[in-house]
Amino acid sequence: MRSSTPEDLSGRCERCYLPTALCLCADVPVIPTRTELLIIRHNKESQKSTNTARIAALALPRCHIVSYGAPGAPFDASVLDAPDTWLLFPDAPEAEGPPPKRLVVIDGSWAQARRMVQRVPALRRLPGLRLPPPAPDTRRLRKPPHPDGMSTLEAMAGALARLEGEDLAKPLLTLHELMIERVLASRGRLGWENYL
């Protein structure tokens with residue numbers, strides 16, 4: 001099953017990477033947050049049409065993506081130096097105290113995410129935010145190898161629900177469902193005619 005996007009984006013939206021007939025950009029809400037979100041995205045995720053970090057960044061004005069693992073480009077850990085920064089990761093030590101001003105989110109496969117945290121000592125020093133595992137019947141584009149696994153967009157919605165309230169997270173979860181529908185339609189699992 002192909003989940004990467006052609007480099008030339010032929011026939012695809014340059015923002016959401018979905019086929020232009022299924023572009024979801026017009027349906028992306030703008031969700032202002034108190035919390036700044038910093039996504040550290042593994043380089044191998046950057047061209048995948050199923051990358052939900054890209055969609056999250058379209059919806060969240062205070063969200064920024066930095067790349068990790070690009071050939072010849074070492075990761076600059078100084079982006080983690082801001083005060084009141086927490087890490088959204090299952091194994092991070094649980095933080096206490098007032099909510100963070102900034103939340104770091106790791107974007108990659110389960111194995112990529114673990115390696116990124118292991119290889120960047122500054123990530124391991126951050127206080128953590130953990131989420132409960134998703135419901136077993138949650139609809140997915142990729143099957144996680146771990147029961148706690150979820151897409152980056154789902155994890156960000158869960159974190160924002162905890163930090164800023166459920167009402168803020170609902171539009172992100174709706175966007176996640178819409179993305180799943182459009183990607184499945186692009187793979188022929190749902191009829192394109194619903195989107196034309």
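**Reading a predicted fold: backbone, sheet, helices and cysteines**

Q: Where is Y17 found relative to β1?
A: Y17 is found in the segment before β1. Helices (H or I, at least four residues) and strands (E, at least two) are DSSP runs, numbered from the N terminus. This is a predicted model, in which local features need pLDDT of at least 70 and side-chain atom pairs count only at pLDDT 80 or more, while totals for chains, interfaces and linings use all residues. Residues are numbered from 1 along each chain as its sequence is written, and side-chain values use heavy atoms, with hydrogens and water left out.

Q: What is the phi of Y17, and is Y17 buried or exposed?
A: Burial is read from relative accessible area: buried is under 20%, exposed is over 50%, and partly exposed lies in between (1.4 Å probe, protein chains only). Y17 has a phi near 70°, a positive value in a residue other than glycine. Its relative accessibility is 12%, so Y17 counts as buried.

Q: Which value does phi take at D84, and where does D84 lie?
A: D84 also belongs to a residue type other than glycine and has a positive phi, near 55°. D84 lies in the loop between β2 and β3. With a relative accessible area of 43%, D84 is partly exposed.

Q: In what order do the strands of the sheet stand?
A: Two strands pair if DSSP finds at least two bridges between them. Here an open sheet of five strands, with parallel pairing, has the order β2-β1-β4-β3-β5. β2 (63-68) and β5 (128-129) stand at the edges with a single partner strand each, so one side of each has no neighbour in the sheet.

Q: How many bridges join β1 to β4, and how many pair β3 with β4?
A: β1 (residues 36-42) and β4 (residues 102-107) run parallel and are joined by six bridges. Among these pairs, I40 has I106 as its bridge partner in β4, and L37 has L103. β3 pairs with β4 in the parallel sense over four bridges, and L88 stands opposite V105 in β4.

Q: Which residues of β4 point each way?
A: R102, V104 and I106 point one way from β4, and L103, V105 and D107 point the other way. Six of the six residues of β4 are buried, so the strand is largely enclosed by the rest of the structure.

Q: At what angle do helices α1 and α4 pack?
A: Axes are lines fitted to C-alpha atoms, for helices over the stretch in contact, and angles run from 0 to 180 degrees between N-to-C directions. Angles under 35 degrees count as roughly parallel, over 145 as roughly antiparallel, 65 to 115 as roughly perpendicular and the rest as oblique. Helix α1 (residues 52-59) packs against α4 at about 45°, with the axes 7 Å apart, which makes α1 oblique to α4. Contact (heavy atoms within 4.5 Å) is made by T52, A53, I55 and A56 of α1 and by T152, L153 and M156 of α4.

Q: How many disulfides does a search of the whole structure find?
A: A disulfide is a pair of cysteine sulfur atoms within 2.5 Å. The search finds zero. For C13 the closest cysteine sulfur, in C25, is 3.5 Å away, too far for a bond. C13 counts as buried at 12% relative accessibility, and C25 counts as buried at 15%.
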